[in-house]
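Please read the points below with the structure open beside you, and look up each residue as it is named.

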Amino acid sequence: MSLLNVKDLQVHFPIRGGFFRRVVDQVRAVDGVNFELEPGETYGLVGESGCGKTTTGRAIIGLNKATGGEVLFNGENLATMNGHDRKKHIRDIQMIFQDPYSSLNGRKNVLNIIAEPLRNFERLSPKEELTRVQNMIERVGLSPESIYKYPHQFSGGQRQRIGIARALMLNPKLIIADEPVSALDVSVQAQVLNFMREIQKDFGLTYLFISHDLGVIKHICDRIGIMYKGRFVEEGTAEDVYTNPQHLYTKRLIAAIPEMDPVKRFEKMELREQINVAYRTEYDSYFDKDGRMFDLKPLTPTHSVAVHQGGM
Amino acid sequence: MAETVLEIENLRTSFNIKGNYYAAVDGVSLTVHKNEVVAIVGESGCGKSALALSIIGLHNAKTTKLEGQVNLKGQNLLSLPVEKLNKIRGKDLGMIFQDPMTALNPLATVGRQIEEPMDYHMKLSKSAKKKRVLELLEQVGIKNGPRVYKQYPHELSGGMRQRIVIAISLACNPVMLIADEPTTALDVTIQAQIMDLMKELQRITDSGIILITHDLGVVAEMADRVAVMYAGEFVEIADVNTLFANPLHPYTRSLLSSIPSNMTDKEELHVIEGIVPSIQKLDRGGCRFAPRIPWISEDAHEDNPMLHEVEPGHFVRCTCYKDFHFPEERVEDENYVTT
Amino acid sequence: MVKFIFRRLLVMIPQLFLLSLIIFVLAKQMPGDAVTGAFMGNPNVTPEQVEKIREQYGLNDPWYVQYGAWVGKAVKGDLGQSYTHKQPVTSLLAGRVANTITLSLFVLIVSYAVAIPLGILAGRWSDTWVDKLIVTYNYFSFATPLFVFALLMLFVFGFILGWFPTGGSVDIRIESGTFAQFMSKLHHLVLPGLSGALLATFGTIQYLRNDIIDTKLKDFVKTARSKGVPEGKVYTRHILRNSLLPIAAFLGYEITGLIGGSIFLEVIFSYPGLGQLFIQSITGRDFTVVTAIVMISGAAVIVGTMLSDVILSAIDPRIRIE
């Protein structure tokens with residue numbers, strides 16, 4: 001059984017207007033998203049700002065309310081659960097945020113930051129708590145005395161490790177990482193990415209990795225879902241998506257990745273120009289008559305694309 | 001070689017921190033030619049943005065000390081009084097900023113903001129200015145120019161705004177452009193569009209461009225020459241093909257191998273040990289990158305390392321590049337004292 | 001825009017209704033009524049007579065009956081009779097309202113005339129001696145209580161130097177409608193107006209100074225400088241436009257603040273305005289007048305906040321009111 005199964009997830013935000021501030025329309029931030037996560041895999045959600053990837057992640061953990069669909073975690077539907085029941089299940093899902101500078105409370109020391117989830121879910125004596133925190137802090141590669149320091153005393157990469165340590169305290173099964181390395185310099189980003197892979201093996205974690213950075217996603221993810229306007233346009237293994245993109249939007253996204261070989265830059269520029277031409281002429285054929293993107297259709301067992309029935 | 005447009009000589013930019021001056025840009029020399037894109041690449045805190053702001057004179061004069069020379073059209077910009085500098089800024093020297101969401105005045109129309117540099121540098125009638133604005137809007141790839149002319153920044157998307165920022169910088173046909181992370185705040189597809197646009201415009205305008213960025217992908221796509229900056233100094237300068245094909249300085253090599261790109265597969269990324277030193281604690285006498293490659297013997301470094309020209313046009317600082325190799329195993333990197 | 005104003009005015013009706021209800025009930029809760037205020041301690045009036053007057057004015061009815069009667073008349077423009085002044089509240093208020101508006105406007109204009117230039121100077125030349133001087137003045141004006149400062153002004157310029165009159169709003173000996181009368185009104189305004197204005201500058205100066213200091217560091221100001229815009233124009237065209245925006249928007253709220261401030265001023269300078277009448281009416285238990293004044297102030301507050309929204313939407317392109 002899959003660890004997480006998201007079925008037709010919808011998150012709509014109301015737009016109010018008119019004299020009595022009635023709901024006049026909906027922003028369909030997430031509009032019918034389906035995907036599954038197998039235990040131990042890293043699934044990448046990728047797309048540009050406003051595509052709904054962050055809202056999807058937040059809806060899974062309950063930070064945004066799902067207005068429709070199911071979020072099955074270990075077979076239980078989190079989307080319809082009340083707060084109390086959800087709390088029991090939610091400890092197995094933790095979130096890591098983008099900005100290690102602002103997601104940690106600057107007035108708390110590391111001990112209090114990392115112990116917080118423990119205090120929410122478990123009753124431990126201060127001594128037990130300290131031992132657990134110390135073990136964890138060493139595990140994430142920080143010195144034991146650093147638990148009495150404050151976030152501003154650490155570098156960006158270290159702060160992100162503190163955030164990760166906090167997420168790991170309850171031995172979660174699933175980690176939702178929302179742009180965890182986007183605020184970091186490349187060398188620090190490498191540090192955090194290596195570390196995330198390392199602990200994935202050690203703790204048996206499953207990752208939902210949300211990012212706009214296609215290079216990072218390709219590096220760390222086994223399977224990838226590409227989002228655009230609240231829906232999936234393509235899903236597949238990293239190989240499928242990067243070497244054999246099928247949807248026009250995916251092609252455009254992949255072509256936008258800067259070419260790391262300066263010799264090939266004009267080829268890349270021409271490729272982008274070709275795709276832009278296709279974008280202008282074929283764009284409408286990727287949407288149904290209501291302007292909504294098609295549902296995913298499987299191409300191969302691992303690779304699906306949102307195109308009209310019967311191909312393009 | 002093409003005609004020289006901008007010549008930076010031994011530029012030193014120091015900031016006053018609690019009564020003492022510390023150099024964030026520490027003796028930088030660089031020449032930019034006509035129709036050439038020189039990228040300055042480095043991580044946050046390396047001094048690249050301080051360098052950009054020094055060239056165009058946007059540092060707070062009270063807390064900043066500028067030494068050396070920045071020569072443009074035979075004038076040393078650093079020695080000019082503000083009134084004279086204002087005759088050059090916006091005319092011969094344009095600037096493109098990082099964040100299009102904040103770089104435009106929220107209360108002025110797009111048209112006004114593009115016209116503004118013309119008010120001071122060109123004698124044009126009102127209608128001629130408007131004509132020029134519409135021309136510029138078309139050049140930067142905005143289709144419905146007359147409509148956008150009357151719009152306010154908040155009515156436009158980030159990519160559109162960055163096009164406006166570029167149009168402003170081009171308004172008076174500058175010979176030199178400084179672009180400070182021009183695509184960093186944008187989405188990938190928009191970034192690609194802006195990169196292609198800038199390449200296109202550069203072909204048309206012939207101006208020299210200094211491109212400040214942290215993104216080696218952007219460098220590979222746009223630059224003709226690259227200067228890699230670390231702790232206030234250039235550690236390697238080379239033309240773009242050489243730099244990517246044959247990087248020499250340990251920092252350049254480390255940086256390239258830490259990027260999860262097409263080149264690296266699922267293996268471990270290289271991690272640069274330690275942290276970027278703060279400008280107050282920097283040891284300025286020796287190789288500034290030495291503390292981050294401790295497995296390289298001290299003898300490999302030289303005192304007061306200079307840029308060595310290892311092949312024509314390819315400069316590397318310090319002799320340590322000859323002995324540099326990656327460590328066999330990744331070294332745990334958290335044993336240093338944090339500040 | 002018209003739709004917006006219309007909507008706000010419509011919302012104002014229930015707001016005013018609620019306000020009037022609260023005021024009315026509170027007024028009734030206070031010990032004593034108009035009759036007590038008028039006849040208390042007068043040995044010639046017997047309790048029976050008092051009771052008769054109460055009955056006659058409907059003061060013995062339940063409060064909701066009285067309230068209903070009051071609302072019924074109020075919508076027709078009849079705010080009732082003042083017990084102490086023995087005249088309709090409407091005509092009693094007319095002249096007072098004009099005086100209070102004149103005084104408030106005078107205070108407003110003078111305070112902006114002082115505060116805006118000072119705020120700009122302090123912001124532009126922050127951390128210089130000019131700035132420090134202005135900030136010092138500002139803290140003095142913030143810390144000084146209005147009644148102390150006003151009394152001091154009255155004492156020095158009114159009594160010792162005798163430059164300005166010490167009470168009233170106009171010299172009644174001067175024929176009305178003449179230029180001399182206008183000058184006399186102005187003469188009477190100066191002392192209360194200046195006292196109010198010099199202490200009302202605090203918020204504006206402080207806000208403007210801080211906002212300019214913030215705006216100076218904004219990216220679009222860097223863009224302006226990189227265009228070669230001369231320093232003076234950087235301020236007039238870019239920084240000030242942005243920093244004055246909230247000040248202009250605050251104008252509406254400022255008006256509401258002045259209504260409170262004018263009570264002190266009018267009492268101290270014996271200036272015949274609403275504030276002075278308000279205090280007199282409370283001590284005289286003249287509730288019809290109190291209620292009317294509170295209603296007028298309430299309406300002014302609501303209109304003031306609406307004015308702020310309208311001004312903001314007019315000058316800030318980012319805010320558009322449908």
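1. In this predicted model, and leaving aside residues up to four places away in sequence, I114(A) touches V133(A), M136(A), I137(A), I162(A), A165(A), R166(A) and M169(A), where contact is defined by C-beta atoms, placed from the backbone, lying within 7 Å. Local features need pLDDT of at least 70 and side-chain atom pairs count only at pLDDT 80 or more, while totals for chains, interfaces and linings use all residues. Residues are numbered from 1 along each chain as its sequence is written, and chains are lettered from A in the order in which they are written.

2. I114(A) is among the residues with the most contacts inside the largest nonpolar core, which has 198 residues; such a core is a set of buried Ala, Val, Leu, Ile, Met, Phe, Trp, Tyr and Cys residues joined through C-beta atoms within 7 Å. Its largest share, seven residues, comes from helix α6 (residues 158-170) of chain B, helices being DSSP runs of H or I with at least four residues, numbered from the N terminus.

3. A second, separate core of 34 residues includes V89(C), A197(C), L265(C) and F278(C).

4. Not counting residues up to four places away in sequence, D211(C) touches S243(C) and P246(C), and the C-alpha atoms of D211(C) and L240(C), 29 residues apart along the chain, are separated by 9.2 Å.

Conventions: Buried ≥ 20, exposed ≤ 12 C-beta atoms within 10 Å, placed from the backbone. Helix = DSSP H or I, 4+ residues; strand = E, 2+ residues; numbered from the N terminus. Contact = placed C-beta atoms within 7 Å.
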